[in-house]
Every structure is written in structure tokens, then in C-alpha cells.
Amino acid sequence: MKKLPKLLYVPGLLLMSLLLHGCIESFSPPEITSASSYLVVDGFLNTSSSGSSQIKLSRTQNVTDLTAPQVEPRAQIRVEGDKGSQLAFTEAQPGTYKLEPIAYREGEKYRLHIRTSDGKEYLSDYVPAIQTPPIDSVTYRVQPDQSGVQIYVSTHDPLNTTRFYRWSFDETWMYQMPLYSAFEVVNNEMKLRTEDISTCWSHRSASRILVGSSIKLSEDIIQDASVTYVPASSGKLRVKYSILVKQYGLSQEEYEYWTALAKTTESTGSLFDPQPAQVTGNIRCVSDPKELVFGFFSASKQQEQRLFITEYLGRYVSACEPTDTLALAQALQTLDLILVEFPVPGSSQPLYITGTASCADCRLEGGTTTKPEYWR
């Protein structure tokens with residue numbers, strides 16, 4: 001039987017190899033095995049008076065490389081205004097550069113200037129600072145079968161000047177373990193815990209690209225644009241869930257960039273994965289204009305709104321029960337966590353009920369016991 005063609009995706013190149021019936025030798029062209037590493041620029045200038053700006057630099061990688069993307073440390077980044085502004089970013093951590101909130105000049109256009117540690121310089125086009133309208137509402141609807149919630153965002157621009165939008169979001173959810181561990185062994189002694197390890201908060205930033213436009217409407221109104229669906233099976237809705245939706249006004253050029261990139265990342269994963277050459281954005285290498293650079297620099301006022309959801313949807317699929325009742329000497333040696341102690345009539349030594357860490361320690365699910373400042 002004749003096999004179907006196989007598509008090979010590499011940065012800037014899509015190869016097709018016909019896999020015919022019979023024995024064949026593996027084919028590894030240099031475009032795949034030795035893919036060039038191109039600069040990826042992720043971030044924008046936040047012109048909100050209270051919001052900081054962040055730029056992340058990384059490198060594309062071979063499509064077969066399963067390691068984490070390589071970040072670009074020790075670069076010099078500044079934003080230059082066409083009226084003389086010079087805004088320098090500082091490296092907060094390797095590959096991540098930040099600019100604290102400052103006052104911006106009205107009507108000034110901005111461009112991004114990057115000098116990497118190897119001396120290469122990159123410039124973006126000058127872009128105007130877009131005044132993003134506020135978010136009108138962030139709402140949700142519970143599915144009729146209680147299987148999850150759908151989250152929406154609505155906005156409008158009374159001046160009818162924005163028309164193009166992008167959204168991102170950060171999720172935070174509180175969760176609690178089925179068993180509560182009140183005691184711990186410290187220096188071979190039984191002590192009351194000073195930290196509650198039964199309640200945690202987890203955080204995740206969106207990786208999807210969300211864009212919308214009102215260009216075909218008579219008024220600049222976005223009503224109930226889909227942000228994300230949160231399934232009850234994810235465990236995020238068991239206690240309390242929160243989402244921070246961020247909104248950015250776009251130019252038409254940037255909207256077309258994000259739209260094209262969204263179609264690409266549906267199959268490749270994220271902005272940091274290898275990208276096709278046609279989605280390169282508005283940033284160029286000064287010394288070699290033909291060098292591929294991925295990313296789009298923009299300037300806009302970030303608007304945001306937070307939503308809390310308390311629907312108590314979903315449950316633990318595995319049963320969690322106490323595992324044993326032990327005397328003190330045994331409890332000091334057990335690998336399980338100590339849940340509670342209770343006195344024994346006629347004895348000076350209490351007994352201790354134990355349980356598995358997977359049922360009592362929320363940190364094992366990746367969360368932290370530190371309550372976020374915005375949590376209410």
C-alpha cells in the first residue's frame with residue numbers, strides 16, 4: 001500500500017518527502033538537523049502610567065529539539081522615541097528585561113533597539129502608542145452539565161478608533177487537599193506545623209493568542225469574545241478560581257501579524273517554537289537585513305480586569321483516607337504525614353493518625369502556600 005506524503009516543518013521551510021512502499025533509509029537534511037538559531041522578541045511597551053513593560057529574548061530551535069528554548073541573556077535593550085526619548089530596560093533574569101512605569105510623551109512614536117551580547121544590533125519600525133479602551137466586563141457561564149465554565153470579555157471604543165484587539169490572561173486557582181496534616185517531625189520531635197500545607201494557590205499564564213476585530217461593524221464594539229474554557233476536570237474550579245484578563249489595542253499591521261502567528265502556533269505550540277519565515281514581524285537585524293527575526297514590537301496602554309469564580313466544580317478522582325494509627329515512636333519513623341493526634345485514656349502517650357503526602361501536601365501539585373496579595 002502506498003503511504004501518504006510526510007510533511008517536515010522547520011524554521012522558514014516546509015519540506016515534503018514521499019514515503020513510498022518498501023524499505024527506505026532515514027533522510028535528515030541539514031535544514032532540519034542544523035537549523036539556524038534566530039532571535040525571538042516577545043513583549044511590548046506598556047504606556048499605562050501604572051504598568052511596567054517586559055521584553056523576553058530567546059532563540060528558535062530545531063523542531064526535533066525537546067529541550068527548553070534558549071534564552072538570550074546580557075543584551076542591551078532600549079526604546080527610542082522619535083521626539084528624543086531614551087528608555088533603558090534592565091535584565092531582571094536571564095533573557096527577561098523590564099522597564100518600570102514612567103511618563104510618556106503625547107504623540108511620540110517608539111522603536112525597539114536591541115544589542116545582543118555578541119554585538120549584533122536589531123531595530124524595529126517606529127510604532128505609535130495606541131490608547132487601548134478599558135475592558136467593559138469579564139463574565140462567565142457555567143455549562144449546563146456542570147462540566148466547566150466559559151469566560152468572555154467585552155469592550156468598546158466610543159471614538160471608533162481602536163478596531164483591533166488582542167487579549168492575554170493569567171490564571172490563579174486555590175485548591176485544598178482532602179487530608180489536613182497538623183503535625184510534622186522536626187529533629188525527631190513531634191511539632192505542630194507552622195505552615196498550612198493543605199491549601200495552595202497555583203498560577204499559569206496563557207500561551208494562546210487571542211485577537212478580535214470590529215472592523216466589519218458600524219461601531220467599535222466587542223461583545224462576549226471568548227477568552228478561555230476552564231473544564232471542571234482540571235481541578236481549577238474546586239474551591240476558587242481567578243482570571244486576570246489583559247487587553248491591548250493593535251494597529252492593523254500588528255493584528256495581521258498576530259492572526260497569522262495564531263494560525264501557526266496552533267500546530268507548533270508557542271511563540272518560542274520554530275516559526276515559519278513569513279511571520280517575522282517588524283524587527284530587523286541592522287547588519288544583515290536578510291536575517292530572520294521573530295516578534296512584533298508595539299506600544300499600547302494595557303487595560304486589565306480580574307474575575308473571581310466560586311462554583312465548586314470538580315472533585316478528586318482518587319480516594320484519600322487515613323493510612324494508619326501509630327504510637328509516637330512509630331510516628332517519628334513513618335514516611336507518611338502526621339494528620340492529628342488524640343489522647344488514649346489511661347496513657348500519657350497519644351496516638352497519631354497518618355496519611356499519604358499526595359493526599360495532604362498541596363505543594364506536591366505544584367502550588368505555593370503563599371496567598372496572593374490580590375486574593376480576596
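Which residues is Val-245 in contact with, leaving aside its neighbours within four places in sequence? Contact here means heavy atoms within 4.5 Å. The partners are Ile-135, Val-138, Val-153, Trp-167, Ser-168, Phe-169, Val-227, Gln-303, Glu-304 and Gln-305.

Ground rules, quickly. This is a predicted model: local features need pLDDT of at least 70, side-chain atom pairs count only at pLDDT 80 or more, and totals for chains, interfaces and linings use all residues. Numbering starts from 1 along each chain as its sequence is written, and side-chain values use heavy atoms, with hydrogens and water left out.

Now the core. The largest nonpolar core has 26 residues. Such a core is a set of buried (under 20% relative accessible area, 1.4 Å probe, protein chains only) Ala, Val, Leu, Ile, Met, Phe, Trp, Tyr and Cys residues joined through side-chain atoms within 4.5 Å. Val-245 is among those with the most contacts inside it, as are Trp-167 and Ile-151. Strand β14 gives the largest share, five residues. Strands are DSSP E runs of at least two residues, numbered from the N terminus. A second, separate core of 22 residues includes Leu-39 and Phe-297.

Next, Ser-168. This residue sits in β14, residues 164-176. Ser-168 is buried, at 16% relative accessible area. The Ser-168 side chain makes a polar contact with the side chain of Tyr-248, at 3.1 Å. That term means N or O atoms within 3.5 Å; within protein, one must be able to donate a hydrogen and the other to accept it, and residues adjacent in sequence count only if both atoms are side-chain atoms.

Terms used:
Helices (H or I, at least four residues) and strands (E, at least two) are DSSP runs, numbered from the N terminus. Buried means under 20% relative accessible area, exposed over 50%, partly exposed in between (1.4 Å probe, protein chains only).
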